[in-house]
Amino acid sequence: MTHRIKLILAGASALLALVAAGPSHADTTLSFLIDNNPDTVAAAEALVAAYQTKAPDVTIEIEQRPGGGEGDNIVKTRLATGEMSDVFLYNSGSLLQALKPAQTLVDLSGLASQAKVDEGFKSVVRADDKLYGVPFGTAMAGGILYNRKIYQDLGLSVPKTWADFMANNEKVKASGKVAVAQTYRDTWTSQLFVLADYYNLDAAVPNFAADYTANKAKYAETPAALKGFERLKDVHDAGLMNEDFGAASYDDGLRMVATGEAAHYPMLSFAVGALKQNYPENLNDVGFFAQPSDDAATNGLTVWMPPALYIPLTSQHTEEARKFVDFAGSVEACKIMVETNAVQGPSLIDGCDLPADVPPAIKDMLPYFEAKDKTTPALEFVSPIKGPALEQITVEVGSGIRQPADAAKLYDDDVRKQAKQLGLPNW
Amino acid sequence: MTETRPRSRKSPYPLWFFIPAAIIYGVLFLVPTVSSLWFSLTRWDLSTAEFIGLENFQQFFSEPFLVKGLLNTLIYAVTTSGLKTVCGLLLAVLLTSNIFARGFLRTLVFFPVLVSTIGIGITFTVMMHPTRGIINVTLETLGIPGPGWLTNPALALFSVALVDVWKGVGLATLIFIAGLAAISPDYYEAARIDGATRLQQFFRITLPLVRPATVIVVTLSLIGGLRSFDLIWAMTRGGPGFSSDVIASVIYKQYQAGFYGLSTAGNVILFALIAVIILPFTLWFNRREVEE
């Protein structure tokens, strides 16, 4: 309804503009749907403002939607009912595959900007050998945010092995601070120890992702896959967590690691954006390291790809939308977005270098990206399946309600359900 | 219930008179019900629906947490409905007696009914915070270590149920007050002359005569309890883990994950469950009423 009102209003204002300016070429209004994360809004607004100076005959209206599962539903529903905006922002990887891109989205393989987009990113917006999206923002990584002041005060060094990590934790605990912040009020934050362990899993079992997708490998039957759950339990059993871990929120976690209440917070590096906004004076106290492994030699980073911009097949202004999206994927647009927001990781567009003054947490990530074989995309980008109940299961393991082996079995059931719903072969 | 209309008498209204109502009923109730029965048999991604027979139901019943969700739903419904009935009746007796500021106190009891459930949920979540919440802070000053109201898996469901009772008891009280007002004062007068105590009056006169109100309160709160979702979602999201999941929240999670056919099947199951529990219950209560 509001959509229609907006259209009518847009039409009316276009008419007015025509009357006022006299006969000229017709204006186009593009609708652009994004999530309501403040970082996203700021980046999208900067992007649109920059584009409008280049193409004054195109008006772009930004619409916001909630994030998380609720936002997923809105995107899926609007796509299915043909009500999708001309351009929209959505996840890449397994969540994109659930939108059935080949049937619902415009092929963007031919855009000029694709030439400079990173190959790794292209693989997560590809379906049937066609590219359906351009990156929005930088890559990010899953690992552990740590408080550098605590590390300095206690003389700790960045751990590479799990044993070193636990030893650090014991020292932090002895000093009276919280060793590991956990925030299960926002259940999604509980998954990090499992998801960020994928580099280690991939190093130990290189064909896990393919076998897992083909229903040949299971979490419960792969000791290296079970490790993530066991690490969650280790931390709980050692009593390293904040007392109110069951009721603390993501914001609490950020506050704890930023202000030095807690030494570690397992998190995605996109948190740097929120840290910059909420705790700017503490931004330099927060560092980042990859999830420790069993062997110091194979320590590396699990990487998350940013979301992408897509055009639905139902768009009435495909040509204009393509031009806008092409601009969004350019080096120029990338630089605008990098300047607007806190950088979360390396850029995926060749020629769009990061500014020299990135926060320490981001600087800590760069060596992994510069070295060879020190990064791997997270499992949800190399396999179309991710069970929806993982966050509840990891809360249970992290709270000591369920044992790791049992949890892995339960997650395998959850994954089977997802695979069946996607109609994958072999399930 | 007992009155029967002679079949032969023609309705004074022409048929077309019913058509607007029938259209509203058909579009808003009949079509969704029938189509949800159909979609529960499909793998549905909102644009295409592939018929897969009873697979969704099979999946739903093999869901490890369905059994737990089912049990939790029953525990929640019985707890809230029982407490609302008992507390509602007691409060109604109190608020119909000659006490000070009766009208104001009635308003006070009814007030939570008017507040948004989500608002109440968020408020109590803050109050029940294990270390910073006002409840545990108060308990601590008294020297009692407060439990993790919403974070202890054994306690979470009951904490939410208590909040639900607090929120819903005003409506039950209101219905009971109406029921009590319908009892003729003559009965109490006669009982007093016969020397009945207050307690005897309550059990021998009030309780039996307020039965119609009791039936309404129990039925409404039981149905409300069986399909309750908003308060649980606002306070615990079914957690920690799955410990306070009820059927409605399990269904919502399936919907959130994009399993539309599966979640529709869950709704059909919920519908059937409510019918199976409520139907015999109301039949039994109504029969008792007629017998008396």
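Author: Buried means under 20% relative accessible area, exposed means over 50%, and partly exposed is in between (1.4 Å probe, protein chains only). At 24%, R255(A) therefore counts as partly exposed. One thing to keep in mind: this is a predicted model, where local features need pLDDT of at least 70, side-chain atom pairs count only at pLDDT 80 or more, and totals for chains, interfaces and linings use all residues. Residues are numbered from 1 along each chain as its sequence is written, chains are lettered from A and ligands numbered from 1 in the order in which they are written, and side-chain values use heavy atoms, with hydrogens and water left out.

Reader: What does chain B average in pLDDT, and how does the model score?
Author: pLDDT is the predictor's confidence in each residue, from 0 to 100. Where it is low, the predicted coordinates should not be read in detail. Chain B averages 89, and 95% of its residues score at least 70. The model has an ipTM of 0.82 and a pTM of 0.83.

Reader: Which residues does R255(A) link up with through salt bridges?
Author: The general idea is that side chains of opposite charge can pair when their charged atoms come close. The rule for a salt bridge is a side-chain nitrogen of Lys or Arg within 4 Å of a carboxyl oxygen of Asp or Glu. R255(A) makes one with E261(A), their closest N and O atoms being 2.9 Å apart. E261(A) is partly exposed, at 36% relative accessible area. Both belong to a network of salt bridges that also takes in D244(A), D252(A) and R132(B). Over all chains, the whole structure has 21 salt bridges.

Reader: Where in chain A do D285(A) and K149(A) sit?
Author: Helices (H or I, at least four residues) and strands (E, at least two) are DSSP runs, numbered from the N terminus. The side chains of D285(A) and K149(A) meet in a salt bridge, at 3.8 Å from N to O. This pair ties together distant parts of the chain, 136 residues apart: D285(A) is in the loop between α14 and β10, while K149(A) is in helix α7 (residues 148-154). D285(A) is buried, with 14% relative accessible area, and K149(A) is partly exposed at 47%.

Reader: Is N284(A) buried or exposed?
Author: Exposed, because its relative accessibility is 51%. N284(A) is in the loop between α14 (271-278) and β10 (286-289) of chain A. Contact means heavy atoms within 4.5 Å. Setting aside neighbours within four places in sequence, N284(A) touches R148(A) and P360(A).

Reader: How is chain A divided?
Author: Domain bounds come from an automatic or database domain assignment. Here, domain 1 covers 28-139 + 306-353, and domain 2 covers 141-303 + 368-422. Their contact takes 13 residues from domain 1 of chain A and 16 residues from domain 2 of chain A. Their C-alpha centres lie 28 Å apart.

Reader: What do the two domains of chain A bury between them?
Author: Buried area is the accessible area (1.4 Å probe) that two parts lose on being put together, summed over both. For domain 1 and domain 2 of chain A that comes to about 1000 Å², with 62% of it on carbon and sulfur atoms. In domain 1 of chain A, S94(A), A342(A) and Q344(A) lose the most area to domain 2, together 41% of what that side buries. The salt bridge count between these domains is zero.

Reader: How many residues of chain B are in contact with chain A?
Author: There are 32 residues of chain B in contact with 28 residues of chain A. The area buried between the chains is about 2500 Å², and carbon and sulfur atoms give 55% of it. R43(B), F242(B) and F259(B) supply 20% of the area that chain B buries here, more than any other three residues. Three salt bridges cross this interface. The side chains of K417(A) and E63(B) also meet in a salt bridge, at 2.8 Å from N to O.

Reader: Which residue does R43(B) pair with?
Author: R43(B) forms a salt bridge with E50(B), the closest N and O atoms being 3.1 Å apart. R43(B) is buried at 18% relative accessible area, whereas E50(B) is partly exposed at 44%.
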